[in-house]
Amino acid sequence: MAYEYNGTSVGADEEGYLSDITVWNPELAALIAQDEDIEMTSDHWEVVNFLREYYEEYQIAPAIRVLTKAVKKTLGPDKGNSKYLYELFPYGPAKQACKIAGLPKPTGCV
Amino acid sequence: MAEFETPKLGEAPDTIPCLSIGSMAHSKPYKAAAEHQEKLGFPGELVENWQEKAIDKFGELLGKYRGLQVYMDACVKCGACTDKCHYFLGTGDPKNMPVARQDLMRKVYRRYFTTAGKWLPWLVGAEDFTEDVLEDWYSYFHQCSQCRRCSVYCPYGIDTAEISMAGREIMDHIGVGQKYSNEIIGKVHDIGNNLGLPANALRATLEDLEEDLEEETGVEIRLPLDEKGADVLLVTPSADFFAEPHVDGLLGYAKVFHQAGTSWTLSTHASEAANFAIFTGSYDQMKQIAERIRKAAEDLGVKRIVVGECGHAWRVAYNFWNTLIGPFDFLDQNYPIPQHICEFTHDLIIQDKLTLDPSKNDHMTLTFHDSCNVARASRMGENPGGQFTYPREIIKAVCNNFVDMAAETIHENTFCCGGGGGLLTDDLVELRVKGAKPRMEAYRQVVEDHGVTNLAAICAICKTQFAKVMPYYGFEMDAIVSVHQLVSNAIVFEPEPEDDGDQGTGEDDHGGE
C-alpha cells in the first residue's frame with residue numbers, strides 16, 4: 001500500500017508500516033493516524049516522540065514496560081500504565097504507535 | 001482488516017458447529033517478500049515449473065519422513081478427528097476438519113505417488129496439483145496451529161501438524177512462503193532473536209528491569225547478560241524482554257535464581273528460545289537456529305541450560321536438541337538436559353528452598369492453560385504427565401485459589417490458544433479470534449462457576465494470543481498471566497545486610513534429579 005501525501009505516493013507494506021522510515025514527518029504521522037482512526041492528541045504525540053527517540057538510540061521500539069515508565073514520568077502516574085496506552089492506541093501501543101511513528105513493526109510473539 | 005463477527009460462546013467447548021462451507025477460504029496470511037525468502041535459501045517468488053518442483057520436494061519428504069508416508073496411507077476416514085480442531089469448532093468450515101486438511105495433501109499424494117491414483121484418479125480421490133489446490137494449501141495449512149489435538153483422538157495417531165509442516169516446507173521450496181514466520185527467522189539470523197532486539201537494547205532493557213526489581217524488593221536482583229562462568233544459561237523467548245505479561249515472568253525467573261543462589265546468565269548470541277523453523281517444517285533452519293544456543297552455552301562455559309516459558313521452544317529443546325545440536329557432554333550430567341524453568345522452580349519448592357507467601361496472590365483465582373507443545377509433545381520431570389503436574393504444583397504453591405477447567409479441555413486434551421504454529425500475526429486475527437472459542441468457552445465456565453479471575457500460561461505465544469483475543473470475548477486483556485509472574489508475586493525477600501556485594505555467587509546445591 002501507499003500513503004498519498006503532498007501529491008506524492010509514500011510507500012508502505014501491506015499493513016501500512018512505512019517502507020522507508022527516513023521519509024517520516026509529523027504530517028505523515030497524522031495521515032497514518034487518520035488511516036488508523038486515531039485522532040492525535042498531545043498524549044499521542046508524547047508516546048510517538050518517545051518511540052522515535054528510543055528507536056534512534058536502539059534501533060528497536062522500547063519494551064512496553066519501558067514505555068509505560070517513560071509515560072509515567074512525563075504524563076503522570078495515572079497515565080503510566082498499559083491500559084492507558086491501549087486507550088490511546090487500541091491496536092496496541094507497540095504496533096499501532098510504531099506504525100504512526102514511522103517505525104518497523106515489532107515482530108515475534110508480541 | 002476485513003470485518004468479522006466474534007463467535008458467540010456456547011454451553012460446552014466441544015459443541016459441534018453448523019457447517020459453513022468455504023467460510024474461511026479467504027483467510028490467508030501475507031506472503032513472504034523475495035528478500036525474506038531468499039535469505040533462507042528459498043526462491044523469491046513462485047517458480048515457473050512449480051508443480052514439478054513441488055512434487056519432487058514432496059517425494060523427497062516422503063522418503064525422509066516415514067511418518068508422513070504413513071499418515072498419507074493410513075487414514076480410514078473414521079471421522080474421530082472431525083470435531084477435535086479448535087479452528088473447525090470456531091469457524092464451522094469443513095476444510096478445518098483435520099481429515100479434510102490432511103486430504104488436501106493426500107489427494108495430491110494419491111495422484112502422483114500411488115498406482116491407483118496415477119491411472120484411476122477419479123476412483124480414489126486423487127487430484128492434480130493445480131493452482132486452486134495450491135491456493136487451498138496456502139490458506140488451510142495456515143489454519144492449522146500444529147497443536148496436535150486431533151492426533152490424540154485419531155486411532156492411527158495421524159499427526160496433522162506434520163502434514164501442515166510438510167505442506168509449508170513444500171510451498172517454501174516453490175517460492176510461496178509466509179511473511180510472518182520467514183521474516184522472523186531472518187531476524188534471528190541477522191540480529192539474534194525474533195523481535196529484532198539488538199544487544200545494546202537488550203542490555204539497556206535488562207538494566208532498566210534490574211532497577212525495577214530493586215525498587216520493588218529492596219534487594220539487588222540481577223538479570224545477568226553474557227557472564228562467562230555462570231552455572232546456568234537461560235534461553236527464553238525474546239517476548240519476555242518486551243511484552244506483557246511475559247516480562248513479569250522474566251522477573252519471576254530472576255527472583256527464583258537469586259533466592260536459589262544460582263549463578264545464571266542470559267546471552268546476546270542466543271537471546272531467543274523460540275525456533276520458528278519448526279512451524280515452517282525446515283529442518284535445516286531449525287538446526288541453524290538451535291546451533292546458536294549450543295554455541296552460547298559453550299562460549300559462556302555454563303554447566304546447564306534452562307529454557308524459559310515458551311511452548312514450542314520447549315518442544316524443540318526437549319525432543320530435538322539432542323539430534324540437532326547434541327551431544328551435550330560438556331554440560332553437568334546431574335541435571336536434566338535441557339531443563340525447563342518450571343522443573344527448576346518445582347525442584348526448589350519441593351526442597352523448601354523458596355520463601356513463598358501465597359496470600360500475595362489472594363486477589364486472584366487462577367486456572368491453567370496447558371500449552372499444546374508442552375502438553376502433547378514434551379514432558380517435565382521423571383514421570384509421565386509431569387508437564388501437567390509441575391506447572392499446577394507451582395501455581396498451587398504460590399496461590400491459594402486454583403481451579404482447573406473441564407477435563408476434556410486440559411492436559412493432553414487441551415485446546416490450542418488459537419495463535420500457535422506461526423499464526424500469531426495480525427493478518428490472521430479473524431482466525432485467531434475464532435480459533436480461541438473453545439478455550440474461551442472452557443474459561444468462561446470456570447469464571448462463572450468458580451469465580452476464576454485469571455488464566456496462567458507458560459508460553460509466549462499463548463500469552464500474546466490471549467491478551468489479544470480475550471477482549472473479543474468480554475474478558476480483560478490482563479486476565480492472562482505468566483506462571484512465573486505468580487511466583488514473582490509470592491516470593492518473599494529478607495532485607496539484605498548492610499555490607500553489600502556477596503550474593504548470587506553460585507552456591508548451587510539444589511538437585512535436579
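Visitor: How far apart do the C-alpha centres of domain 1 of chain B and domain 2 of chain B lie?

Guide: First, this is a predicted model: local features need pLDDT of at least 70, side-chain atom pairs count only at pLDDT 80 or more, and totals for chains, interfaces and linings use all residues. Residues are numbered from 1 along each chain as its sequence is written, while chains are lettered from A and ligands numbered from 1 in the order in which they are written. Chain B splits into domain 1 (34–177) and domain 2 (186–403 + 452–490), with bounds from an automatic or database domain assignment. Their C-alpha centres are separated by 33 Å.

Visitor: Which helix of chain B gives the largest share of the side of domain 1 that touches domain 2?

Guide: The contact (C-beta atoms, placed from the backbone, within 7 Å) takes 13 residues from domain 1 of chain B and 10 residues from domain 2 of chain B. On the domain 1 side, helix 1 (34–39), helix 8 (149–153) and helix 9 (160–173) of chain B each supply at least two residues; helices here are DSSP runs of H or I, at least four residues, and strands are E runs of at least two, numbered from the N terminus. The largest share, five residues, comes from helix 9 of chain B.

Visitor: And where chain B touches chain A, which helix of chain B gives the most?

Guide: That contact takes 28 residues from chain B and 15 residues from chain A. Helix 10 (179–190), helix 11 (199–217) and helix 21 (460–469) of chain B each put in at least two. With five residues, the biggest giver on the chain B side is helix 11.

Visitor: Leaving aside neighbours within four places in sequence, which residues is Ile395(B) in contact with?

Guide: Ile395(B) and Leu51(A) touch the most other members among the 175 residues of the largest nonpolar core. Such a core is a set of buried Ala, Val, Leu, Ile, Met, Phe, Trp, Tyr and Cys residues joined through C-beta atoms within 7 Å, buried meaning 20 or more other C-beta atoms within 10 Å. The contacts of Ile395(B) are Leu366(B), Phe368(B), Phe402(B), Ala456(B), Val483(B) and Leu486(B).

Visitor: Which strands of chain B stand at the edges of the sheet?

Guide: Three strands of chain B make a parallel open sheet in the order 5-6-7; strands pair if DSSP finds at least two bridges between them. Three bridges join strand 6 (residues 454–457) to strand 7 of chain B, and Ala456(B) stands opposite Val481(B). Each edge strand has a single partner, so one side of each lacks a neighbour in the sheet: these are strand 5 (366–368) and strand 7 (480–482) of chain B.

Note on methods:
Two residues are in contact if their C-beta atoms, placed from the backbone, lie within 7 Å. A residue is buried if 20 or more other C-beta atoms lie within 10 Å of its own, exposed if 12 or fewer, and partly exposed in between; C-beta atoms are placed from the backbone.
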